[in-house]
Amino acid sequence: MSILVYAEHDNESLKTETNKLVHAASAAGGDITVLVVGKNCGLVAQAAAKITGVSKVLVADNVAYAHQLAENVADLVVELAASYTHVFAAATTTGKNFMPRVAALLDVAQISDIIKVESADTFVRPIYAGNAIATVQSSDSVKIVTVRAASFDAAANDGSASVENVDIVKVSEKSSFVSAELTVSERPELSAADVIISGGRGMQNGENFSLLHGIADKLGAAIGASRAAVDAGFVSNDMQVGQTGKIVAPNLYIAVGLSGAIQHLAGMKDSKVIVAINKDEEAPIFQVADYGLVGDLFDLLPQLEAAL
Amino acid sequence: MKILVPIKRAIDYNVKVRVKSDNSDVDLNNVKMAINPFCEIAVEEAIRLKEKGIATEIIVVSIGPKAVQEQIRTGLALGADRAVHIETDAALDSLQIAKLLKTVVDKELPDLVILGKQAIDSDNNQTGQMLAALTGMPQGTFASEVLVADGKVNVTREIDGGLQTVSLTLPAVVTTDLRLNEPRYASLPNIMKAKRKPIDVISAADLGVNLSSNIKLLKVMAPEQRKGGVKVADVAELVAKLKNEAKVIS
């Protein structure tokens, strides 16, 4: 048993998803190797070497991997996969992008978005927006698995694995990077935040999201949104929490002006404490909220900011 | 330019699925079914490319029992020119679906394949990427903008930190995210016209694809229900509870 864990990073820093992946991999058992694919990602590799339970870090540092294009990354991982029984990657937009290519090229299934490792071949994953929880068993020779990082604890950082370079370079002539427009924010990322405050359609427009900013700053929170708020054009899609957006499980989730559609609940119902602020006391969000406050968010949000 | 749009019949977006009492699977008896929402966005994008004069022909393809022809007819009513139905009663995984779709790609030689990024039943998010890998095509997943010009397609992708644009050589695979477009409704005359559009029905068994899967569904459980908590009277009580009871803020 040997597991290849694909590191989540942005060439500059290692993301905590990687620690969570290692934790998930250790539940499957076996030797754990972390693969860092990028360009000028040496610091990331050093950080990965410190994760507890990792025996080796492989680094593929090449301009071909600067943007982790699926075509190039998949061909690299396929070549490395022969030495492993499992490949784990985070169910982020990076992992979701290249992993199915790896599975198809290896002629095996992919098991997506697992929330629990039952054993080396058996995994638990939500289906139907989390309205059903499936347990699946794979008899494939290599298990290609994406992991919902929010469902796992993070492995600690007191290890000291060896770091090795990988010289395999895969370049597809058919796909090239053009540009990226990344959201710049001083606030924590949704997937890593301990506290999240999210707005829904009840926010009425994008400008009103500024009512959440002061509260977020006081709580050190990330700001999220429902699909309805994204669809209505209030905020950008990278803020979407839900079945088709980000899946989160912070210590505190504050849902504001958000009805609680099943697709949204799918993305946040594993939060430790949920607070709902909504003027409609029948809104489904109150059925999952630990603390519900019925009232007009335009009155309550300034009060909340002042009270913190 | 020819566009192939694979579509999936899935549970209607508004229906909350129930788990069977024997925990063998979910219960889809007498449940309202529809085109998977992301597939509908894919059909819409193909139609818009045709309306712009970029695409000349749109073919929808769906895999499943005879009932999927309902969704195929919807795709035709929305504006697809013709359809392929790969008939099978087997429950297939994404890999088998991608292999079956590859046979259609090999025959039809589309310049662009547009699919939904994920189906809202299995929530796998795999088929488009697998099809791209099997056919050697480049991929633009989670698209929020698709621009076709000079034998290439530029796809703007919704990624975790924002947006990324990639340039792909045609033929290519694109999977749709929710902001790509807002699908239209089929008009009554178009629904009538769709009834006369051709559907080519092929048996999955005749396509030489191994339809067996190495994934076994052991059980399906209902999720643990989260209990609703208490209503608080005002902001002061809320903050006090969060500090002293839940201890999640200091």
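At what angle do helix 3 of chain B and helix 4 of chain B pack, and how far apart are their axes? In this predicted model, the two helices pack at an angle of about 50°, with their axes 9 Å apart. Because angles between the roughly parallel and roughly perpendicular ranges, here 35 to 65 degrees, count as oblique, helix 3 of chain B is oblique to helix 4 of chain B.

**Helix 3 and helix 4 of chain B**

- The crossing of helix 3 of chain B and helix 4 of chain B is right-handed, and the residues of this contact divide into 8 nonpolar, 3 polar and 2 charged.
- On the side of helix 3 of chain B, the contact is made by B:Ser94, B:Leu95, B:Ile97, B:Ala98, B:Lys99, B:Leu101, B:Lys102 and B:Val105, which meet B:Thr127, B:Met130, B:Leu131, B:Leu134 and B:Thr135 in helix 4 of chain B.

- Helix 4 of chain B, which covers residues 127–135, is largely enclosed by the rest of the structure, because 7 of its 9 residues are buried.
- Those buried residues are B:Thr127, B:Gly128, B:Gln129, B:Met130, B:Leu131, B:Ala132 and B:Ala133.
- Within chain B, the buried residues of this helix pack against helix 3 (94–108), strand 8 (112–116), strand 9 (139–149) and strand 12 (172–176), while in chain A they pack against helix 4 (93–106) and strand 5 (110–114).
- Just after helix 4 of chain B comes B:Gly136, which takes a positive phi of about 70°.

**Chain B as a whole**

- The secondary structure of chain B comes to 6 helices and 15 strands, and its C-alpha trace spans about 65 × 45 × 40 Å along the principal axes.
- Chain B has 250 residues, of which 51% count as buried.
- When contacts in chain B between residues at least 6 apart in sequence are considered, 69% of them join residues at least 24 apart.

**Backbone features of chain B**

- The peptide bond that runs from B:Leu170 to B:Pro171 is cis, with omega near 0°, and B:Pro171 has its place in the loop between strand 11 (162–169) and strand 12 of chain B.
- Although B:Asp150 is not a glycine, it has a positive phi of about 55°; B:Asp150 is found in the loop between strand 9 and strand 10 (152–159) of chain B, and with a relative accessible area of 79% B:Asp150 is exposed.
- B:Lys247, likewise not a glycine, has a positive phi of about 55°; B:Lys247 lies in the segment after helix 6 (235–245) of chain B and counts as exposed at 61% relative accessibility.

**Helix 5 and helix 8 of chain A**

- The axes of helix 5 (residues 210–219) and helix 8 (residues 297–307) of chain A come within 9 Å and cross at roughly 25°, which means that helix 5 of chain A is roughly parallel to helix 8 of chain A.
- This crossing of helix 5 of chain A and helix 8 of chain A is left-handed, and by class the contact between them has 8 nonpolar, 1 polar and 2 charged residues.
- From helix 5 of chain A, the residues A:Leu211, A:Leu212, A:Gly214, A:Ile215 and A:Lys218 meet A:Leu297, A:Phe298, A:Leu301, A:Leu304, A:Glu305 and A:Ala306 in helix 8 of chain A.

**A:Val36 and the cysteines**

- A:Val36 has its place in strand 2 (residues 31–38) of chain A, and it counts as buried because its relative accessibility is 0%.
- Leaving aside residues up to four places away in sequence, A:Val36 touches A:Ala7, A:His9, A:Cys41, A:Val44, A:Ala45, A:Ala48, A:Val57, A:Leu58, A:Val59 and A:Ala60.
- A:Val36 and A:Val166 are 130 residues apart along the chain, and their C-alpha atoms are separated by 9.6 Å.
- A:Cys41, one of the residues that A:Val36 touches, counts as buried at 0% relative accessibility, and B:Cys39 counts as buried at 5%.
- With a disulfide taken as a pair of cysteine sulfur atoms within 2.5 Å, the count over all chains comes to 0 disulfides.

Key
Residues numbered from 1 in each chain as written. Chains lettered and ligands numbered in written order. Predicted model: local features only at pLDDT ≥ 70, side-chain atom pairs only at ≥ 80, totals over all residues. Heavy atoms only, no water. Buried < 20%, exposed > 50% of the residue type's maximum accessible area, 1.4 Å probe, protein only. Axes fitted to C-alpha atoms, helices over the stretch in contact; angles between N-to-C directions. Helix = DSSP H or I, 4+ residues; strand = E, 2+ residues; numbered from the N terminus. Parallel < 35°, antiparallel > 145°, perpendicular 65-115°, else oblique. Left-handed = near helix turned anticlockwise from the far one by under 90°. Contact = heavy atoms within 4.5 Å. Nonpolar A, V, L, I, M, F, W, Y, C, P; charged D, E, K, R; others polar.
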